[in-house]
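Here's a quick briefing on side-chain contacts, meant to be read with the model open beside you. Have a look at the rings and charges, then work through the notes below.

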Amino acid sequence: MFIDTHTHIYTEEFGADRDAVVARAVGAGAAALLLPNIDEASIAPMLRLCRQYPGLCFPMMGLHPTELPSSPAPLLDRMENALQQPSHPYVAVGEVGIDLYWDTARRDEQIAVFRRQAEWAVRYGLPLVVHSRAAHAELVQTLLPLREELSGGVFHCFGGTAEEACQLLEMFPRFVLGIGGVLTFRKSTLPEVLRSTVPVDRIVVETDAPYLAPVPHRGKRNEPSFVPYVLQQLAQVYDLPVDKVAAVTTATARRVFPRLNNFPGE
């Protein structure tokens with residue numbers, strides 16, 4: 001069994017065969033699929049999928065840093081209102097963060113939006129799922145004032161150095177690293193970073209589907225049923241049985257996302 005802690009299978013890339021994708025995921029051992037939100041348009045299809053597969057698909061609420069509208073405040077107000085509802089279904093605040101890889105023009109605005117959403121995680125007692133690209137220093141600086149209050153979360157799609165991994169794990173002890181298909185890439189430095197720096201109980205597995213498919217599917221559409229390829233690579237990295245890695249990362253996901261524990265799985 002495994003938990004894909006970050007998958008966007010509600011998007012149009014899966015419009016033709018979404019049910020088959022879910023069936024393959026379950027067949028491969030998926031106990032839960034966690035769906036990060038991106039923008040306002042993604043909320044409805046994400047929630048629709050979660051209603052279709054209760055106890056398997058779980059939504060998050062957040063605004064991705066590259067999807068900021070010209071004036072983010074009204075949308076952020078609506079998103080926070082959703083989190084204020086007593087019976088809301090959201091298991092985390094995400095996918096939120098800072099992305100300066102392509103464009104730094106809205107750097108300060110991205111940081112302000114990220115800070116506001118990190119404060120939601122504190123206010124509503126939810127884990128925080130963080131997207132960071134070319135923004136490690138900004139990420140740390142923004143989260144540091146909240147580190148004692150944050151319940152935990154995931155640094156999604158971690159691909160940094162051993163020094164960056166060590167800094168994140170030490171500064172934010174209730175957070176873990178999200179590891180996906182990049183680990184399997186031939187030139188990836190992640191195996192050595194993990195082996196040298198990151199305890200196996202400080203990671204969770206993810207796909208970021210439809211992106212970043214692992215070898216042997218690299219370059220194709222990613223999907224949750226490919227998680228076992230990541231688990232197999234992790235087993236090699238940590239010199240552990242695959243079943244042990246799957247059990248540890250699943251237990252870690254349930255610790256980081258406590259609302260999943262209402263659905264214990266099999």
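Start with Arg218, which lies over the face of Phe185, at 3.7 Å from the ring centre. Keep in mind that this is a predicted model. A charge over a ring turns up at Tyr101 too, where the charged end of Arg133 sits 3.6 Å from the ring centre. The rest of the notes cover ring pairs and then salt bridges.

**Aromatic pairs**

- Searching the whole structure turns up five aromatic pairs.
- One of them joins Phe172 and Phe175 in an edge-to-face arrangement, with 5.9 Å centre to centre and 65° between the planes.
- That pair is called edge-to-face because the planes are 65° apart and the cut-off is over 60 degrees.
- Phe172 counts as buried, with 2% relative accessibility, and Phe175 is buried as well, at 2%.

- The whole-structure search for salt bridges comes back with 13.
- Among them is Arg116 with Glu80, whose closest N and O atoms are 3.2 Å apart.
- This one links distant parts of the chain: Arg116 belongs to helix 4 (residues 107-123) and Glu80 to helix 3 (residues 73-84), with the two 36 residues apart.
- Buried or partly exposed: which is Glu80, and which is Arg116? Glu80 is buried because its relative accessibility is 11%, under the 20% cut-off, while Arg116 at 21% counts as partly exposed.

- Glu109 pairs up with Arg106 in a salt bridge, and their closest N and O atoms are 2.8 Å apart.
- Arg107 has a salt bridge of its own, to Asp108, with 2.9 Å separating the closest N and O atoms.
- Here the two partners fall into separate classes: Arg107 is partly exposed at 30% relative accessibility, whereas Asp108 is exposed with a relative accessible area of 55%.
- Asp108 gets the exposed label because 55% is over the 50% cut-off.

**A salt-bridge network**

- Which residues are linked in a network of salt bridges? Look for Asp17, Arg24, Arg221 and Glu223, which are joined this way.

Key
Residues numbered from 1 in each chain as written. Predicted model: local features only at pLDDT ≥ 70, side-chain atom pairs only at ≥ 80, totals over all residues. Heavy atoms only, no water. Phe/Tyr/Trp six-rings, centres within 6.5 Å; stacked < 30°, edge-to-face > 60°. Buried < 20%, exposed > 50% of the residue type's maximum accessible area, 1.4 Å probe, protein only. Lys NZ or Arg CZ within 6 Å of the ring centre and 35° of its normal. Salt bridge = Lys/Arg side-chain N within 4 Å of Asp/Glu carboxyl O. Helix = DSSP H or I, 4+ residues; strand = E, 2+ residues; numbered from the N terminus.
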